[in-house]
Structure formats: C-alpha cells, structure tokens
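Dear colleague,

Please read the notes alongside the coordinates.

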Amino acid sequence: MDLDVYVTAHRAEWERLDHLLRRGGKLTGAEADELVALYQRTATHLSIVQSSTPDPMLTARLTQLVARARAAVTGTRRSSWRDAVGFLTAGFPAAVYRSRHWWIPTAVLSTLLAALIGWWIGTHPDVQAAIGASADLREMTRPGGQYETYYSSHPAASFAAQVWTNNAQAAAMCLVLGAFLGIPVLWILFMNMLNVGVGIGLMSAAGRLDVFLGLILPHGLLELTAVFVAAGTGLRLGWTVIDPGPRTRRAALAEQGRAAVGMAIGLALVLFVSGLIEGFVTPSGLPTWARIAIGIGAELAFLLYVYVLGGRAARAGDTGDLEEPDRSATLPTAA
C-alpha cells in the first residue's frame, strides 16, 4: 500500500472528524451521525495502517483521534463498587474456570513432581549429604527445629504480610512472564516444587513427614492452588503466542493479557487468605487435625467458588476480559 496516496485519500475525513470533536456537544443530529460514521471509518483506517505499513507518526495521530472519537461516542465511564462486585462474583471466577484445562494438569503434574523429588531425597542418603551437612539437616528436621519454628519466627501479622507479598509476586511473575512462551513459568513452578520436595524428603528421612504435612497443608492447599492457577494461565498465555487460533496474534494476546491482569488481582486476594492462614493458623496451638481441616475448608470454598459462580458466569458468556465498552475498538480491515 502506498502510504502517501492513502493519507491523501483519507486526510479530509480525519480532519472533518477532528473538527467535529472540537465542537464537543454543539452538534446537530446529522453531525452526530456523521461523527459516528467517521469514527468507525477512522478506526478501520488505523487498523489498516497498523497491519500494512506501520508508520509511527501516523499511527500515533490516528490512535489519538480514534480514542477521542470513541470517548465522544461512548461517553466517559467510571468504575464503581458494582464493577468490583461483578469482578469478584463473575469475572475472576469465570476466568479461573475457563482456564481449568491448563491449571488442573499443571497442579497434578507439579504435585507428582514434588512427591517424586521428596521420595528421591528421602530414600537416598547421598542426595541428603549433597544438600547439607548431617548436623545442619538434623537441626532443620529435629523437634523444634527450623522447619517447625519457621512459621512462628516472626509476629503473625508481619509474617502473614511477608508471605502474602512473596506469593503474590510469584503469581504475578507467572502471569506476566507467560508471554515468553511460558518458559520462565516452568522455571518458577519447578523451583516451588523443588522446595516442597526437599522438605518432604528431609522430614521423611527423619521420620517426621506427618509433622511436615501438618505444617504445610493448612495454608499450602490454597496457596499452591493459587500458584497452579497462575502458572496454568501463564502457560496458556505462552501458548497463545505460538497458536493464536482464528484471531490475530495481537488480538489474542490482548484478550488473554487483559484476563491475566484480572487474574493477578483476584489471585492476590486468594493468596491474602492463605497468608492469613499461614500467619495465624499454621503456627497456632490448635490440634493438627483442626489446622488441616481449616486448610481443607478454605480449599473447598475456593473450588466451589470457581466451579459454581465461575462455571455459571462462563456458561453465560463471561470470559474474565474487560467489558465491551472498556475494550479497544476493533473493526475488520478486509472481507
């Protein structure tokens, strides 16, 4: 496409649209209809320029023009508490539900990997010796050792805040770095499972696996589920780069990316709950069965939230993406 010829052919329409926008609300009915038609045509022109001969200056000019026209046509929309409620009751659980084919296999394979690492370490003394000196390992795994005192080494509130911050950062990294073909996500996931596997192996070798599970299960069920959801969503985003389907790669990534941002916010709330459990329940004096029951209850509540509210919203067409008025305007560029 000859860019100069294209600009010459449509400059008058762009200037007319700019003129109508400058007049604001002083438009007649016919002029308002003309503004809408020019907005639609200019949005198509922008799409054609971006896909055919991307010129930075022209693209910036048309992008600004389309954004102004869109604001004039659709009006200004402010977020409200209704948006937050809609996100928590429909958008977020629907996004988690729709990505279940990614995070459930991720959870199963990761759990098997952690168990395999734990078995390998627990049954091979030479591997344990490579991890650390025998005196150090005994200090870690003995009654009242580092594995047990870790959860009560700081005040509960500050410990919960620290745990929440670290886990939220890990989940956000899985979601953001998924665009790099999912490779960084696999590394983050492996390191998490390695840490769990080492704990299983060392405490199992010391004959105290029941103690370790009693400490990790109350908060770990919900915490690891959130990590698996983030990792599965990140891997899905990475696969979108490889296979965007019938959409353009840009449109597919935009849709998945917007949903991933919403997932990051929702998972931060989920991890806040697991952080509270880790800070206040795990190191508490409650019986082991009671602490584990709290963890199982929190996990079941999250799964019911996803499968009941999320399933209903997904079947109603909610994808976890932004509402239609909040998305960038897209129009077909060619038949």
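Of the 335 residues of the protein, 40% count as buried, meaning under 20% relative accessible area with a 1.4 Å probe and protein chains only. This is a predicted model, in which local features need pLDDT of at least 70 and side-chain atom pairs count only at pLDDT 80 or more, whereas totals for chains, interfaces and linings use all residues. Residues are numbered from 1 along each chain as its sequence is written, and side-chain values use heavy atoms, with hydrogens and water left out.

The secondary structure comes to 13 helices and zero strands, taken as DSSP runs numbered from the N terminus (helices H or I, at least four residues; strands E, at least two). The radius of gyration, taken over C-alpha atoms, is 26 Å, well over the 20 Å that the globule rule (2.2 Å times the number of residues to the power 0.38) gives for 335 residues, so the protein is more spread out than a compact globule. Its C-alpha atoms fill a box of roughly 80 × 40 × 35 Å along the principal axes.

One helix pair may interest you. The axes of α2 (residues 29–52) and α3 (residues 56–74), which are lines fitted to C-alpha atoms over the stretch in contact, come within 9 Å and cross at roughly 150 degrees, on a scale from 0 to 180 degrees between N-to-C directions. That makes α2 roughly antiparallel to α3, a term for angles over 145 degrees. In their contact (heavy atoms within 4.5 Å), residues including L35, Y39 and L46 of α2 meet residues of α3, among them L58, L62 and R70.

Best regards

Notes. Angles under 35 degrees count as roughly parallel, over 145 as roughly antiparallel, 65 to 115 as roughly perpendicular and the rest as oblique. Buried means under 20% relative accessible area, exposed over 50%, partly exposed in between (1.4 Å probe, protein chains only).
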